[in-house]
Amino acid sequence: MRILIAAVADALLVLVFVLIGRRSHDESDALLGLLTTLWPFLAAAAVGWLVSLGWRRPFALVPTGVVVWVSTVVVGMLLRLASGQGVQPSFVVVTAVVLAVFLVGWRAVLLLVRRLRARRRGDSRDDTSTSDTSAAGSGRMEA
């Protein structure tokens, strides 16, 4: 269930990014236009999940969050180029920043909430670990 939640969260945030971008440029809300803009980024996010083995630690900032973010930006732009869509430098910068806030940000917020809850309970375990036993003691930031 955790894998599904994280994957859907990433996909929905990529969709929100595309919707915001299309709205800010007064592009039509036609389904075909939306899908044309969306598919490179969704495919790239899926690549990030595969490369990071995201199903092992779906809420982890590192590697999952960062790899999914970088992949979504880099592979997404390459797919846009390959499909004849525009890739302006300013678009790349905005895409990188917004998707960092979205794809890494929700995991960072989750990590912060878990750390605050652990402190409130007086939990003495390592702040960088979670219920993911694979991350315990690894020193990696995990949400």
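The following legends describe close-up views of a predicted model.

Local features need pLDDT of at least 70 and side-chain atom pairs pLDDT 80 or more, whereas totals for chains, interfaces and linings use all residues. Residues are numbered from 1 along each chain as its sequence is written, and side-chain values use heavy atoms, with hydrogens and water left out.

**View 1. The largest pocket and its lining.** The largest pocket has a volume of about 390 Å³. A pocket is an open set of points on a 1 Å grid over the protein atoms alone, where a 1.4 Å probe fits, with protein on both sides within 12 Å along at least five of seven lines; lining residues have an atom within 4 Å of a point. The volume is the space filled by probe spheres set on the points, which are joined across faces, edges and corners. Of the 19 lining residues, Phe17, Gly21, Arg22, His25 and Phe91 lie nearest the centre. Helices α1 (2–24) and α4 (89–121) each supply at least two lining residues, and α1 gives the most, with six. Helices are DSSP runs (H or I, at least four residues), numbered from the N terminus. The lining divides into seven nonpolar, nine polar and three charged residues; Ala, Val, Leu, Ile, Met, Phe, Trp, Tyr, Cys and Pro count as nonpolar, Asp, Glu, Lys and Arg as charged, and the others, Gly among them, as polar.

**View 2. The salt bridge between aspartate 10 and arginine 107.** The closest N and O atoms of this pair are 2.8 Å apart. Aspartate 10 lies in helix α1 and arginine 107 in helix α4, so the contact ties together parts 97 residues apart in sequence. The count comes to one salt bridge, defined as a side-chain nitrogen of Lys or Arg within 4 Å of a carboxyl oxygen of Asp or Glu. Aspartate 10, at 1% relative accessibility, counts as buried, as does arginine 107 at 0% (buried, under 20% relative accessible area; exposed, over 50%; partly exposed, in between; 1.4 Å probe, protein chains only).

**View 3. Phenylalanine 41 and phenylalanine 91 as an aromatic pair.** The count comes to three aromatic pairs (ring centres of Phe, Tyr or the six-membered ring of Trp within 6.5 Å; planes under 30 degrees apart stacked, over 60 edge-to-face, the rest tilted). Here the centres are 6.3 Å apart and the planes at 70°, so the pair is edge-to-face. Phenylalanine 41 is buried, with a relative accessible area of 0%, and phenylalanine 91 is partly exposed at 24%. Ring pairs link Phe17, Phe41 and Phe91 into a cluster.
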